[in-house]
Amino acid sequence: MKWVVLGLAAAGALGAAVVLGPAAIPFAELGTSPIVRDLRLPRALLAFLVGGALATAGTGLQGLLRNPLADPFLLGLSGGAGLGAVLAIALGWGGPWGLPVAAFAGAVGAMVLVYRLGLVGGGALDPRTMLLAGVAVGAFAAAVTTAIVSLAEASQLRNAFLWLWGGLSGASWQTLAVLAAYVPVPLAVLAAAARPLDLLALGEEPARYLGADVERVKRRVYLAASLLTAAAVAVSGVIGFVGLLVPHLARLVWGHRHRALLPAAFLGGGTLLTLADTLARTVVAPRELPVGIVTALVGVPVFALLLRRWGAP
Amino acid sequence: MILDVRDVTFRYPGAARDALAGVSLALDAGDFVAVLGPNGSGKTTLLRIALGAVRPATGEARVAGRPAHVWGPQELARAVGVVPQREESAFPLRVRDAVLLGRYPHLSPWAPARAADYAAVERALSACDALPLADRWLATLSGGEHQRVRLARALAQEPRLLVLDEPTASLDLRHEMELFERARLLAAPAGLAVLVITHHVNLATRFADRVLLLHDGRAAAQGRPGDVLTRDTVERVFDWPVAIERFDGAPQIVPLRRPQEAR
Amino acid sequence: MRPGNSRFVAGLALLAACGTGAPGRPGALAVTDDAGRRVTLAAPAARVVSLAPSLTELLFALGAGPQVVGRTTWCRYPPAAAAVADVGDGLNPNLEAVAARRPDLVLLYHSPLNETAAAQLARLGIAAVLLRQDRHADVARHARLLGVLTGHAAAGDSIGRVLDSVVARPTPPAGVRVAFVVWDAPPTVIGAGSYLDELVTLAGGANVFHDLRPASATVSLETIADRDPGVIAILADSGAVVPPVWARRPEWRAVRAVRAGRFLVLPADLFGRPSPRAPEAVAELRRLLAREATP
């Protein structure tokens with residue numbers, strides 16, 4: 001059954017992430033190795049959580065915007081995070097957690113801005129307006145970021161872009177704990193919106209006639225998805241592709257109903273990112289690839305395969 | 001009384017005139033009522049007020065005895081099933097899943113669908129003669145089949161009032177007739193009240209117990225089709241010369257051609 | 001007096017000995033720059049604009065300081081360079097400002113963008129040379145090249161010889177194991193392609209990432225922890241915090257040297273780029289490493 005396969009894939013991905021790595025650690029020593037305990041294990045779990053969060057957020061946003069091309073970073077969050085990160089570096093903010101906190105704050109700032117811009121007369125969120133606002137906010141933030149980088153002393157700020165390209169190098173038990181405490185609430189909000197999201201796919205008017213509190217659902221889904229994305233960016237930079245593709249992969253197998261789709265997307269996204277991170281760490285060892293590149297390289301063939309097998313009607 | 005709209009008046013913000021002025025409409029179980037009128041006569045506004053989506057400036061709308069605006073969205077969907085005019089699905093759906101959406105008003109957010117829900121879906125599909133379509137993808141259906149599925153979905157809600165908003169808009173003759181026949185069948189035995197908003201005056205007169213003809217936001221005629229649809233009224237409302245013929249006891253509007261200019 | 005200054009004085013003396021104006025050689029001065037372009041000057045350049053800090057430093061080291069009429073905003077060494085007119089950025093140069101200085105030679109950092117700039121300068125009739133210094137051998141070569149172009153061939157040769165001998169010195173046995181961390185997230189270290197790796201080797205240390213070919217590369221944190229360097233070297237401007245901010249992050253504590261606080265802070269002005277002061281840099285690094293070796 002589908003869920004069993006997915007569960008096994010998830011377990012397999014986590015296992016591989018712990019067993020494999022650029023540091024050659026004999027199987028017998030895995031349990032006692034400090035590298036496994038302090039670096040690989042939290043990193044594997046963090047990759048799973050981030051991948052799951054991004055995929056779930058992407059699913060929610062695709063339902064909210066009724067657009068299969070929607071992706072968590074479409075609404076300006078990556079631009080906001082990047083601007084926050086660059087400002088943190090340029091102004092020397094906040095110590096070891098300065099970068100993640102600033103990136104989170106930047107992403108949330110973009111979220112609020114897009115929300116306000118997306119409200120058309122009478123307090124209703126309009127998906128098309130939100131899309132435009134998201135692109136505009138993202139572009140603006142990116143422009144300001146580039147301006148800061150080009151005017152300031154190059155080296156430090158160029159490195160900010162390296163961070164933004166995405167990576168799980170900042171994984172530790174502490175980071176994992178913070179994310180694990182934070183993530184359940186927005187996930188629960190999305191889960192509760194599963195049925196209304198199904199209805200929303202018909203259009204706002206039909207959804208209303210079928211009992212959905214459309215405005216409330218839109219607000220909640222947007223905020224929950226954005227907060228998940230903001231946390232993911234703060235922890236691991238901008239990892240593209242997971243939030244866009246995993247929902248489609250999940251739909252090929254589980255169909256459109258969000259009650260199954262959301263958990264499937266979570267597990268699928270977690271599996272994909274964990275696998276991608278393992279590959280990123282091992283393929284060109286001792287060097288490491290940006291994980292966003294690997295998610296694309298892994299995700300596209302898997303998608304093509306599933307598309308041929310199950311087909312899109 | 002399942003729907004009781006009394007003397008409502010409403011004007012959209014910034015509009016020059018009222019969208020509705022002093023209109024009333026009442027339905028009991030088993031009634032089949034048609035709301036007619038040219039574009040802009042206030043049909044859609046009447047529906048919105050009836051379902052509590054907007055509040056009238058004067059008058060009130062009650063559903064099953066309670067003011068329309070106090071109904072929560074989910075509980076209202078358990079009482080009223082609407083087949084909307086426009087709809088699209090962003091993602092592909094199978095027919096059975098589409099009709100299952102009609103059970104959502106009965107489902108709590110966390111509990112799964114129960115056997116009773118699936119049974120309701122089967123019944124609804126059967127009542128609309130859509131069982132053979134059950135496993136097909138919506139996108140592969142014809143216009144008429146699509147309409148049957150949407151009707152089944154509304155029926156799956158197990159409502160007390162069924163509202164059809166311009167249901168024959170893109171249907172051919174056979175499917176138009178089938179739809180009205182089916183709606184008529186549903187009204188009588190189940191005690192379901194049916195409200196049809198339509199352009200199609202001639203079909204409405206043959207099937208509806210009562211009609212409400214709107215003109216510029218006012219009720220130009222209200223009552224049994226045979227009684228209230230006179231030539232003068234119809235010509236005034238539709239701004240075109242007509243003749244009224246009788247068929248099957250129902251008035252049928254026949255638009256006349258403009259008199260040819262003598263040369 | 002610092003070694004650099006004494007060389008500077010020696011250069012001046014050499015210049016004085018040669019007299020002001022063009023020294024001996026008749027005929028064109030021809031060189032090939034790092035982009036493979038052949039550049040010819042009829043006479044040694046009298047007005048030079050330098051668009052790279054390393055090249056500005058080299059010009060002053062050659063004794064060509066008085067011939068420098070333009071520098072970038074980032075050219076801060078030697079201090080005498082501050083007196084020269086600032087023409088803006090070097091990576092994306094403002095050609096109008098450069099041309100306004102009426103140079104007969106412009107030195108550019110070799111990059112694709114600057115190849116275009118060089119072509120534009122050529123159209124204005126200004127000779128442009130594209131140079132890039134990744135390793136000390138490059139500095140030696142450029143010292144000779146610029147020596148020829150500015151009429152300080154002897155000084156250029158002298159500097160080149162000093163640098164060649166520094167680089168060719170027999171390598172002392174590897175002592176302290178070093179990892180050079182350039183950035184923390186993602187962790188970026190120096191590899192064999194960098195002049196810093198050269199310096200570490202010359203100073204008797206061993207770069208644990210010497211097996212990486214590029215000048216710098218991103219590695220997994222677990223690799224750094226696994227290779228267990230004795231000390232982490234970082235480049236820092238004055239006023240830098242030791243240990244660095246990122247050392248307090250929990251995941252970096254998996255690296256023993258970070259846990260123990262074993263950091264080597266290298267001043268950016270001496271170690272920030274390959275320069276004629278390489279012997280000084282090697283000596284300083286050797287001294288710092290020796291301090292680490294003794295507990």
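Biologist: Over which residues of chain C does pLDDT stay under 50?

Modeller: This is a predicted model, and chain C averages a pLDDT of 84. Of the residues of chain C, 89% score at least 70. One stretch has seven contacts beyond four places in sequence, yet pLDDT there stays under 50; that stretch is residues 15–25 of chain C.

Biologist: What percentage of the residues of chain C count as buried?

Modeller: Chain C has 11 helices and 12 strands. Among its contacts between residues at least 6 apart in sequence, 61% join residues at least 24 apart. Chain C has 295 residues, and the share of them that counts as buried is 49%.

Biologist: Are H2(A) and H7(A) roughly parallel or roughly antiparallel?

Modeller: Helix H2 of chain A covers residues 34–65 and helix H7 of chain A covers residues 173–182. Their axes come within 9 Å and cross at roughly 30°. Angles under 35 degrees count as roughly parallel, so H2(A) and H7(A) are roughly parallel.

Biologist: How many charged residues does the contact of H2(A) with H7(A) have?

Modeller: The crossing of these two helices is left-handed. H2(A) brings Pro42(A), Leu45(A), Leu46(A) and Leu49(A), while H7(A) brings Trp173(A), Thr175(A), Leu176(A), Leu179(A) and Ala180(A). By class, the contact of H2(A) with H7(A) has eight nonpolar residues, one polar residue and no charged residues.

Biologist: Which element gives the largest share of the side of chain A that touches chain C?

Modeller: In this interface, 26 residues of chain A are in contact with 22 residues of chain C. The elements of chain A that give two or more residues to it are H2, helix H6 (154–164) and H7. By class, the chain A side has 13 nonpolar, eight polar and five charged residues. The largest share, five residues, comes from H2(A).

Biologist: Which helix gives the most to the side of chain B that touches chain A?

Modeller: The contact between these chains takes 20 residues from chain A and 22 residues from chain B. The residues on the chain B side divide into 15 nonpolar, three polar and four charged. With three residues, the element that gives the most to that side is helix H2 (residues 73–79) of chain B.

Definitions and conventions. Residues numbered from 1 in each chain as written. Chains lettered and ligands numbered in written order. Predicted model: local features only at pLDDT ≥ 70, side-chain atom pairs only at ≥ 80, totals over all residues. Axes fitted to C-alpha atoms, helices over the stretch in contact; angles between N-to-C directions. Helix = DSSP H or I, 4+ residues; strand = E, 2+ residues; numbered from the N terminus. Parallel < 35°, antiparallel > 145°, perpendicular 65-115°, else oblique. Left-handed = near helix turned anticlockwise from the far one by under 90°. Contact = placed C-beta atoms within 7 Å. Nonpolar A, V, L, I, M, F, W, Y, C, P; charged D, E, K, R; others polar. pLDDT = per-residue confidence, 0-100. Buried ≥ 20, exposed ≤ 12 C-beta atoms within 10 Å, placed from the backbone.
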